[in-house]
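Here's a protein for you to look around in. Take a moment with the sequence and the 3D view, then read on.

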Amino acid sequence: MTLRRRLMVALSLVAVAGVAVSSVSLYHHFSKSKTSFCDIGEFFNCDLVNRSGYSTVLGVPVALIGILGYLLILALATVYRQKAETPVMLLIVSAAGLGFALYLTYIEAHALGAWCILCLTSLTLISTSALLSTALAAK
């Protein structure tokens, strides 16, 4: 298997994991009951983060934006993997996602004072996607 193919497979797996994490987050965003799996003391509280005023952009839940972004990465890494412009497109999408995730992480730290395990997991996944996309574009 070529390096390009391995990077595309890795990007696909990261994207699938990102869809899963974002889907769980979206479920909890709309859930009416309090969850406890991420309520680990005063500094880790997914409910606080996922239901705050910062959890939507123009009425669209941030988790849904994440799902759509990861699906775009998945489509580029699978359906459109042979196109010449795909590595650059993956880099652009991943970098934009990483920038948005870093902004949200700043909000968690400085505006909300609480961390969301799902959000931090997504940050790790989009960071990995950006690194893999960088390696792919540099190839």
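Predicted model: local features only at pLDDT ≥ 70, side-chain atom pairs only at ≥ 80, totals over all residues.

Residues are numbered from 1 along each chain as its sequence is written, and side-chain values use heavy atoms, with hydrogens and water left out.

**The core**

Let's start on the inside. The largest nonpolar core contains 25 residues, and Leu11, Tyr70, Ile73, Leu90 and Leu136 have the most contacts inside it. At least two residues of this core come from each of α1 (3-30), α2 (46-50), α3 (62-78), α4 (86-112) and α5 (117-138). The top contributor is α1, with seven residues.

A nonpolar core is a set of buried Ala, Val, Leu, Ile, Met, Phe, Trp, Tyr and Cys residues joined through side-chain atoms within 4.5 Å. Buried means under 20% relative accessible area, exposed means over 50%, and partly exposed is in between (1.4 Å probe, protein chains only). The helices (H or I, at least four residues) and strands (E, at least two) are DSSP runs, numbered from the N terminus.

Which residues does Leu90 touch, not counting residues up to four places away in sequence? They are Met8, Leu11, Ile73, Leu76, Ala77, Ser133 and Leu136. Contact here means heavy atoms within 4.5 Å.

Next, the open space. The largest pocket holds about 550 Å³. Lining it are 31 residues, and those closest to its centre are Val62, Gly66, Phe100, Leu104 and Ser122. Two or more lining residues come from each of α1, α2, α3, α4 and α5, and α4 gives the most, with ten. By type, the lining has 20 nonpolar residues, ten polar and one charged.

How is a pocket found? On a 1 Å grid over the protein atoms alone, a pocket is an open set of points where a 1.4 Å probe fits, with protein on both sides within 12 Å along at least five of seven lines; lining residues have an atom within 4 Å of a point. Grid points are joined across faces, edges and corners, and the volume is the space filled by probe spheres set on the points. As for the types, Ala, Val, Leu, Ile, Met, Phe, Trp, Tyr, Cys and Pro count as nonpolar, Asp, Glu, Lys and Arg as charged, and the others, Gly among them, as polar.

**The salt bridge**

Side chains of opposite charge can pair when their charged atoms come close. How many salt bridges does the structure hold? There is one, between Asp47 and Arg51, with the closest N and O atoms 3.8 Å apart. To count, a side-chain nitrogen of Lys or Arg must be within 4 Å of a carboxyl oxygen of Asp or Glu. Asp47 counts as buried because its relative accessibility is 10%, while Arg51, at 31%, is partly exposed.

**A few single residues**

Leaving aside neighbours within four places in sequence, Glu108 is in contact with Val49, Gly113, Ala114, Trp115, Cys116, Cys119 and Leu120.

Over in helix α3 you'll find Ile67, which is buried at 11% relative accessible area. Ile67 touches Val19, Ser22, Ser23 and Leu26, again not counting residues up to four places away in sequence.

Leu58 sits in the loop between β1 (56-57) and β2 (60-61). Its phi is near 55°, a positive value in a residue other than glycine. Leu58 counts as exposed because its relative accessibility is 86%. Thr2, in the segment before α1, is also exposed, at 52%. Glu85, in the loop between α3 and α4, is partly exposed, at 44%.

Finally, here are some C-alpha distances to compare with separation along the chain.

| Pair | Apart in sequence | C-alpha to C-alpha |
|---|---|---|
| Ile67 and Val21 | 46 residues | 8.5 Å |
| Glu108 and Cys119 | eleven residues | 9.3 Å |
| Glu85 and Ala137 | 52 residues | 9.3 Å |
| Thr2 and Gly69 | 67 residues | 26 Å |
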